[in-house]
Amino acid sequence: MEALSGLALAVALAGLGLWAMVTRRNIVWKLLGLNVASGGSILFLVALSHRPGARPAIRGLGPGPAVDPLPQALVLTAIVIHFATLALALALVIILTEHRHTQDAKRLEEEQ
Amino acid sequence: MRWALTFGLLGLTGLLGLGIFEIWPRPCFPDPDEIALAWGVENSVAAIVLGQRLWDTILEVLVYVLAMVGVRFFLAGLRWQTKLPPVAETPFFRRSADLLFGPILVFAIYVAASGHIGPGGGFPAGVIVGSGLLLLALAKGTEQLAAELYEPKLEGLEYAAVLATLVLGALVLIFGLRSATAFVAGNILIALEVAIGAWAVLHRFAAARGEV
Amino acid sequence: MNAALLGILSYLGLGVLGILFGRGRLAAVLALVAGGVTLSLWAPEFPEGFLGGPPLGIALAGDFWALGIWGLALLLHAAVLLHGWKKEGLFHAIITVLIGTCLAGGVSRDLFNLYIVLELATLLSVILVAKEGRSPAVWAALRYLLLAGVGMILYLFGLGLVYGRTGLLAVSALAHADFSIPSIRIGVGFLLVGAAVKTGVFLLGLWLPPAHGQAPTEVSALLSGLVVKLGVMTMARLAEAFPVEPIVLALGILTGFGGLIYAIWEQDLKVFLAYSTVSQLGYMLLGLGLENQEAGLFYAVAHGLFKGLLFLSAGSAIEGAGKRKISELRGGLPWPAVLGLALGAWAIAGLPPLAGFPGKYALALSSPIWAKGILLGLSLGTAASFSKLLPILQPKNGDQAGGIFLLTAAILGLGIWGIFLFPGLWRLNPWLEAVLPAGAGYGVYLVLRKVPAKIRRLPLDWAILSALLTSLFLIAVVLFA
């Protein structure tokens with residue numbers, strides 16, 4: 001049951017983030033939306049590793065079934081990649097703001 | 001446009017929900033303890049990250065480092081545009097930040113070095129060092145902290161750590177090295193890279209503050 | 001397999017060394033040597049191996065896709081290195097790492113590994129596109145990053161669904177999965193649209209035209225020539241594991257004609273070439289959709305070569321004349337640029353004996369009649385869109401010929417090899433089938449020249465929205481069909 005709530009929350013986060021990406025005009029808002037949506041997709045993967053009543057996947061922690069370690073490993077990678085993407089995107093936003101003095105997506109598109 | 005967006009997002013989330021409901025029964029996966037045993041460590045997640053899927057981890061480290069290269073390159077020329085007020089922190093805060101940074105660093109080294117036995121590993125350790133540097137930067141001001149850390153050497157150290165990670169990867173993947181020492185070395189190298197990259201982000205972004 | 005790994009690791013390592021010491025060109029040359037040597041060691045194929053042990057290790061295999069992408073990558077790297085020899089070291093070092101990434105992607109047969117390779121390629125492409133600091137390029141790079149981010153979120157959801165239900169990540173293992181389970185169908189749909197956003201197909205990946213159009217010359221050549229092929233290869237792997245060929249086929253037709261509509265009326269030279277890339281993706285996806293992956297790969301390699309040639313020549317032309325619009329480029333261009341543009345247009349129109357001719361023939365070989373009709377229509381449109389280059393092909397003095405010559409020789413070589421490779425190209429029929437649409441296309445161009453352009457370009461919000469809506473449609477189709 002916990003996995004289901006985790007998965008549903010992940011989908012909701014992704015939807016929220018994508019909504020913000022399309023609706024907001026400020027590009028920093030769009031980046032925040034991308035951040036939240038990435039969080040959603042990452043949470044989706046983590047929630048998949050849940051097994052009811054299981055222990056963490058470390059060998060010395062006692063008997064019994066363990067949770068699935070692979071999605072956790074995938075998520076470590078995905079978090080780092082999303083962080084790197086966000087950092088680079090923010091750097092580009094800074095440069096763009098420096099040149100064009102605006103953060104409004106509509107004005108940036110028109111003044112080509 | 002909002003109607004189309006609502007329709008699209010509802011549709012996509014509905015499809016995802018349908019997919020989630022049909023996910024049970026879940027398949028069995030190989031016993032994590034055996035994976036950990038096969039690689040000589042205790043943490044199965046570390047065994048997967050730095051063992052079974054080491055190739056992925058190498059590429060991911062490259063993603064991180066090259067993003068930092070990009071950030072450094074793009075923000076290289078930006079400086080303060082207006083005169084910023086001096087950092088108005090109390091001496092108590094500055095002194096305690098100095099004192100706290102030592103234990104934070106030790107804790108990070110512990111998390112990195114014990115990543116193959118317990119939870120943790122290189123990535124959290126790097127982030128811990130980054131947070132410690134953030135604390136110092138808040139107390140002392142980024143410019144003063146940057147003056148105390150020699151930046152070109154740090155950058156060179158980060159790239160050297162990447163090269164060492166590539167060599168380690170070659171040893172494990174091509175020559176079949178399987179020992180816990182490789183895991184500890186990998187974790188510490190990754191912690192170095194993540195920490196220096198986080199410092200680069202912190203420094204360049206703080207330096208680029210100003211009139212826009 | 002170890003040779004391939006060694007090649008990729010040395011490429012990546014030399015790239016990082018180049019960044020560390022600032023000696024990008026030396027690093028690139030050494031990397032090319034290492035890449036060539038390791039390619040000759042493992043060519044023509046190596047069997048599938050699991051790095052780290054099955055079933056959860058990373059599956060790598062050296063099949064025909066790997067061979068094609070490695071060859072294309074090394075050739076394009078050499079050409080770009082020659083063409084952009086005067087640029088600074090950091091530029092070449094990052095290009096070296098990008099080529100290394102494409103090499104890593106070429107051998108990969110694991111869904112998550114492909115995700116990381118695609119993300120790394122995107123990151124490097126973004127840095128290279130925005131490198132020269134021109135404001136339109138930086139905005140194009142930011143758009144690219146945002147849209148690619150959306151695509152990768154969709155990809156991760158799909159990956160989660162597929163892994164959650166099957167517990168497998170390797171393509172060859174997933175071929176045995178039960179496709180009737182709704183979770184897997186929806187998951188595959190998400191994976192497919194995520195890969196399609198990265199590839200830059202028409203409605204899903206509208207970041208491509210500005211990004212490839214505004215990038216520096218060598219970067220455009222590499223992006224259009226090589227990096228989009230990574231996305232195509234991901235879709236090929238998905239099509240190999242799951243029966244999604246009809247969807248890929250429909251996507252190919254959509255992007256082929258959609259790209260053409262924009263390409264015929266586009267006046268900026270580089271953006272025109274970028275729209276042409278969008279349209280040519282249609283050919284490659286048609287190859288995948290018609291279950292003829294070898295033909296798709298052949299066309300992908302051929303397209304990489306002649307699109308690279310076209311972009312390098314366009315770059316020379318624009319630097320020589322200082323203007324970007326096609327109508328303003330009359331009055332003499334450097335002669336290597338003219339040679340490159342002429343030969344590139346000749347090849348992309350599918351005229352013999354250059355590489356486009358056997359490529360299109362191979363696609364038409366095993367396809368039903370309606371597919372042949374679609375291919376003819378695409379050829380006609382391509383010829384029509386490229387006819388607008390004819391008035392500006394007036395040579396004068398110039399230099400910077402190294403990379404252009406290399407690619408010209410490669411296209412000629414590939415074309416002649418292809419003519420021997422595919423039987424039946426010596427009869428009159430295929431030659432007629434190639435020449436007639438080209439001629440008809442020229443006629444269409446003459447007619448459409450007077451019609452003013454009335455097509456808007458979609459801004460960023462609409463681009464994301466169109467990606468989401470098209471994804472919804474496609475995933476629903478995968479689920480119910």
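Helices here are DSSP runs of H or I with at least four residues, strands are runs of E with at least two, and both are numbered from the N terminus. This is a predicted model, in which local features need pLDDT of at least 70 and side-chain atom pairs count only at pLDDT 80 or more, while totals for chains, interfaces and linings use all residues. Residues are numbered from 1 along each chain as its sequence is written, with chains lettered from A and ligands numbered from 1 in the order in which they are written.

**Helix 19 of chain C**

- With 21 residues (460–480) at 1.5 Å a residue, helix 19 of chain C should span 30 Å, and its end C-alpha atoms agree because they are 30 Å apart; the expected span is 1.5 Å times one less than the number of residues.
- Its buried residues include Leu460(C), Ile464(C), Leu468(C), Leu472(C) and Ile475(C), where buried takes 20 or more other C-beta atoms within 10 Å of the residue's own, with C-beta atoms placed from the backbone.

**Helices 11 and 12 of chain C**

- Helix 11 and helix 12 (residues 269–289) of chain C pack at an angle of about 160°, with axes 7 Å apart; axes are lines fitted to C-alpha atoms over the stretch in contact, and angles run from 0 to 180 degrees between N-to-C directions.
- The two are therefore roughly antiparallel, a label for angles over 145 degrees.
- Leu249(C) lies in helix 11 (residues 245–265) of chain C and is buried, with 22 other C-beta atoms within 10 Å.
- Leaving aside residues up to four places away in sequence, Leu249(C) touches Leu286(C), Gly289(C) and Leu290(C); contact is C-beta atoms, placed from the backbone, within 7 Å.

**The hairpin of chain C**

- Strand 1 (residues 46–51) and strand 2 (residues 58–62) of chain C run antiparallel, joined by 4 bridges; pairing takes at least two DSSP bridges.
- Phe46(C) stands opposite Gly62(C) in strand 2 of chain C.
- The hairpin has 6 residues between its strands, and Gly52(C) takes a positive phi near 95°.

**Where chain C meets chain B**

- Contacts link 47 residues of chain C with 41 residues of chain B.
- Helix 1 of chain C gives the most to the side of chain C that touches chain B, with 10 residues.

Key: Buried ≥ 20, exposed ≤ 12 C-beta atoms within 10 Å, placed from the backbone. Contact = placed C-beta atoms within 7 Å. Parallel < 35°, antiparallel > 145°, perpendicular 65-115°, else oblique.
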